[in-house]
Each structure stands twice: as C-alpha cells, then as structure tokens.
Amino acid sequence: MSDLERQSNKEFVSGNRPLRKQREVIENRLREAGIRTRRSINLKNGTKVPDRIDHTDPSNQTFPGLIHGNYTIHGGDDLIIIDIDVSINKLPDWVRELPETLTIETPHGGLHLYYALEDDTGISSTGSMDWGSTRYEGWYTVGPGSTVDHQG
C-alpha cells in the first residue's frame, strides 16, 4: 500500500461536501498515489447499474469529475477498495487493523476504504461477506455524491 494512506482517514469524503468537490478529492488522491484516475463510468440514474457499456473495459472509463450523475470508482490496476457494510466493532480483526487511508462514508452508514497497492500479486475481489466485500479487478463501488433509490 502506498500514498493513499498519506493523509488521515479523518478526512472523510461524505455528503457534507459539494458533489464536484467529492469527485475532485478522489481524482486528486488517486493522482497523488500515482495510479490511474480514469476509472469511472455512468450509472443509470438512481441506481448502481452500468449505463449500457462494458464497465470492465478501462477504455470505457473516464474521470469521475466528467460524469454528472451516478458513477463508479473501479478497483483493479493497483487500487483495492474495501467495502464495509457493518459497524466497526463487527469487522474481522484484519480489517480493523488496516492502515489509515482515503475513506468514503456511504449514505447508509458504511465505508469504502481506498488502498493503492505496490504489488497486486494474489489480490482478487470477494463476493459478499457478512461484513462487506473487497473490490478489485472488474468490480466497483458507487462514487460519493451518487444517489441510489433502494426502494425500487
């Protein structure tokens, strides 16, 4: 892991910032870490569903700041995202002991932890676990500032 952990995770990217600023923080932190910043695609309005393109193809991905609606942040290519869906006290020890990093607060009380990897040998995505998942090659999280209608 590298430069994404440089700044404290106390600098949450959450709904308290203007949408453009949320996207800029992510772009800037990825750029500072020396990893690819073009890792976003449009999602259908109000959903987590890709907008009719192969979201796994990096040539279809763009900068988060160029998307005006819901968007993704794709893992892979030296970026792993830990998607936490439970309270901290319910996490496995290994997750609680990870170093501080860029942390995205989700609208429903979860967290997305972003880690730049120096060596991605053996890294893979995981399916849903009782506490969340890891997002790597071919997987994404919904970017901050997106709105998801969980009723539909």
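Author: Two strands count as paired when DSSP finds at least two bridges between them. Keep that in mind for this predicted model. Here, β2 and β4 pair in the antiparallel sense over six bridges.

Reader: In what sense do β2 and β5 pair, and over how many bridges?

Author: That pairing is antiparallel too, and it has four bridges. To read a pairing in detail, look for residues that stand opposite each other. In β4, Leu 113 stands opposite Ile 82, and Tyr 115 stands opposite Ile 80. Now turn to β5. There, Thr 134 is the residue opposite Ile 82.

Reader: What is the order of the strands in the sheet?

Author: The order is β3-β4-β2-β5, with antiparallel pairing. These four strands form an open sheet. From one strand to the next, the twist averages 15°.

Reader: Let me step back. How many helices and strands are there in the chain?

Author: Two helices and six strands. Along the sequence, they follow the pattern α-β-β-α-β-β-β-β.

Reader: How should I read burial, and what percentage of the chain is buried?

Author: A residue is called buried when its relative accessible area is under 20%. By that cut-off, 43% of the 152 residues in the chain are buried. The chain exposes about 8,100 Å² in total, with 48% of that supplied by carbon and sulfur atoms.

Reader: How many of the residues of β2 are buried?

Author: Six of the six, so the strand is largely enclosed by the rest of the structure. Check each face. Leu 79, Ile 81 and Asp 83 lie on one side of β2, and Ile 80, Ile 82 and Ile 84 lie on the other. Those residues are all buried, and both faces are covered.

Reader: Next, the nonpolar cores. Which residues of the largest core touch the most other members?

Author: Think of a core as buried nonpolar residues joined through their side chains. The largest one has 14 residues, and Ile 26, Ile 35, Ile 73, Leu 79 and Tyr 114 touch the most other members. Then ask which elements contribute. At least two core residues come from each of α1 (19-32), β2 (79-84), β3 (102-105) and β4 (111-116). α1 gives the most, with three residues.

Reader: Now a single residue. Where does Gln 61 lie?

Author: Look in the loop between α1 and β1 (72-74).

Reader: Is Gln 61 buried or exposed?

Author: Buried, because its relative accessibility is 2%. Next, see what its side chain meets. It makes a polar contact with the side chain of Arg 36, at 2.8 Å. The side chain of Gln 61 also reaches the backbone oxygen of His 55, at 2.8 Å. Contacts beyond four places in sequence widen the view. For Gln 61 they include Arg 38, Arg 39, Ser 40, Ile 41, Thr 56 and His 74.

Reader: And Ser 133? Which strand is it found in?

Author: Strand β5, residues 132-135. At 2% relative accessibility, Ser 133 counts as buried. Its side chain makes a polar contact with the side chain of Arg 135, at 2.9 Å. Leaving aside neighbours within four places in sequence, Ser 133 is in contact with Ile 81, Ile 82, Asp 83, Thr 126 and Gly 127.

Reader: What share of the chain's contacts with a separation of 6 or more comes from residues 24 or more positions apart?

Author: The share is 70%.

Reader: How does Asp 77 count in terms of accessibility?

Author: Asp 77 counts as partly exposed because its relative accessibility is 34%. Asp 78 is partly exposed too, at 28%.

Methods
Residues are numbered from 1 along each chain as its sequence is written. This is a predicted model: local features need pLDDT of at least 70, side-chain atom pairs count only at pLDDT 80 or more; totals for chains, interfaces and linings use all residues. Side-chain values use heavy atoms; hydrogens and water are left out. Buried means under 20% relative accessible area, exposed over 50%, partly exposed in between (1.4 Å probe, protein chains only). A polar contact is a pair of N or O atoms within 3.5 Å; within protein, one must be able to donate a hydrogen and the other to accept it, and residues adjacent in sequence count only if both atoms are side-chain atoms. Contact means heavy atoms within 4.5 Å. A nonpolar core is a set of buried Ala, Val, Leu, Ile, Met, Phe, Trp, Tyr and Cys residues joined through side-chain atoms within 4.5 Å. Accessible areas come from the Shrake-Rupley method with a 1.4 Å probe; for residues, only the protein chains shown count as cover. Axes are lines fitted to C-alpha atoms, for helices over the stretch in contact, and angles run from 0 to 180 degrees between N-to-C directions.
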